[in-house]
Amino acid sequence: MSKITEVAELVEKGKAKLVGAAVQSALDEGCEATEILNSMIDAMAVVGERFKNGEIFVPEMLVAARAMKKGVEVLKPHLASGATGSMGKLIIATVAGDLHDIGKNLVAMMIESAGFEVIDLGVDVPASKVIECYKENPDVKVIALSALLTTTMPALKDTVAALNAEDFRSNVKIMVGGAPITKKFADEIGADGYSEDAASAAVLAKALAA
Ligand code: B1M
């Protein structure tokens with residue numbers, strides 16, 4: 001079995017204690033960090049599919065998520081360039097009612113490595129907390145919001161609407177993303193930008209902050 005396949009299988013099975021070493025050994029064999037990351041993202045898609053089909057349940061999704069996080073910890077220095085703060089500040093959060101954070105964390109990591117100082121508010125973040133954070137950090141250039149559930153798309157819409165109603169709105173850009181989000185939805189709710197994945201999110205953040 002190739003090292004990459006081994007990493008993906010360990011994530012699928014939720015073997016958090018073994019994933020870090022498997023990722024390291026894939027790197028040692030010369031595998032590209034992005035290739036390893038993509039194998040873990042694909043593994044999470046398999047987990048999601050199994051959940052949808054009723055073959056596994058929430059606890060299995062949770063252990064797979066923990067395993068992926070362990071793998072990303074080992075990959076992080078190989079993915080991020082390490083530039084710090086030169087692009088300015090960016091707030092990132094997963095919206096209210098949504099506990100998914102792996103995608104948000106990857107987006108935060110890529111944006112950080114693009115030179116931003118990232119303020120990560122975590123998951124299940126109400127609009128009021130995003131607004132409060134911006135008021136405490138009025139030099140923030142971009143607010144990045146993630147939603148992973150079709151049921152939290154309304155919370156994304158409400159958060160953007162709440163930000164759009166603020167006096168400071170013209171001073172900050174809003175970008176959104178997450179599996180169920182589309183460019184069309186982003187436009188409809190009045191966000192300034194949408195991106196599909198973590199790498200394009202970093203490119204978008206730079207463009208919005210320019
Ligand atoms: Co959840 N879950 N989950 N889950 N979960 C999904 C999302 C689901 C698609 C699974 C399925 O049914 N196939 C489904 C949603 C269906 C829908 O909305 N119609 C689902 C469900 C139903 C649920 C619960 C409701 C289950 C339940 O309780 N019955 C529940 C909801 C809890 C809540 O949030 N209130 C729930 C819970 C959980 C766990 C807590 C167990 C766990 C999350 C743990 C964690 O994140 N710490 C979990 C997991 C692991 C998943 C799957 C399997 C994997 C998610 C993931 O991490 N993917 C997921 C299935 C799937 O995604 N196929 C699923 C890997 C990650 C790298 O991708 O997050 O898409 P992703 O991020 C990408 C892009 O979307 C994008 O870039 C990232 C990197 O390329 N992106 C952005 C993300 N944010 C962005 C922001 C941007 C730009 C791009 O700009 C700001």
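In helix 3, the buried residues are Ala 33, Ile 36, Leu 37, Ser 39, Met 40, Ala 43 and Val 47. Because they cover an arc of only 160 degrees around the axis, these residues lie on the same side of helix 3. The structure discussed here is a predicted model.

The cover over the buried residues of helix 3 includes helix 1 (3-13), helix 2 (16-28), helix 4 (58-79) and helix 5. Helix 3 itself comprises 20 residues (residues 33-52), which should span 28 Å at 1.5 Å a residue; the end C-alpha atoms are 29 Å apart, in agreement with that expectation. Just after helix 3, Gly 54 adopts a positive phi of about 75 degrees.

The ligand contains a cobalt atom, for which the protein supplies a single donor: NE2 of His 100, at 2.2 Å. His 100 belongs to the loop between strand 1 (88-94) and helix 5 (102-113).

Met 153 is part of helix 7 (residues 153-164). With a relative accessible area of 16%, Met 153 falls under the 20% cut-off and is therefore buried. Not counting residues up to four places away in sequence, Met 153 touches Pro 180, Ile 181 and Phe 185. Met 153 and Ile 181 are 28 residues apart along the chain, and their C-alpha atoms are separated by 7.5 Å.

The distances between atoms are collected below.

| Atoms | Distance |
|---|---|
| Cobalt atom of the ligand and His 100 (NE2) | 2.2 Å |
| C-alpha atoms of Met 153 and Ile 181 | 7.5 Å |
| End C-alpha atoms of helix 3 | 29 Å |

Definitions and conventions:
Residues are numbered from 1 along each chain as its sequence is written. This is a predicted model: local features need pLDDT of at least 70, side-chain atom pairs count only at pLDDT 80 or more; totals for chains, interfaces and linings use all residues. Side-chain values use heavy atoms; hydrogens and water are left out. Helices (H or I, at least four residues) and strands (E, at least two) are DSSP runs, numbered from the N terminus. Buried means under 20% relative accessible area, exposed over 50%, partly exposed in between (1.4 Å probe, protein chains only). Contact means heavy atoms within 4.5 Å. Donors are N, O and S atoms within 2.8 Å of the metal (3.2 Å for Na, K and Ca); water is not among the atoms, so sites may look incomplete. The expected span of a helix is 1.5 Å times one less than its number of residues. The arc is that of the directions from the helix axis to the C-beta atoms.
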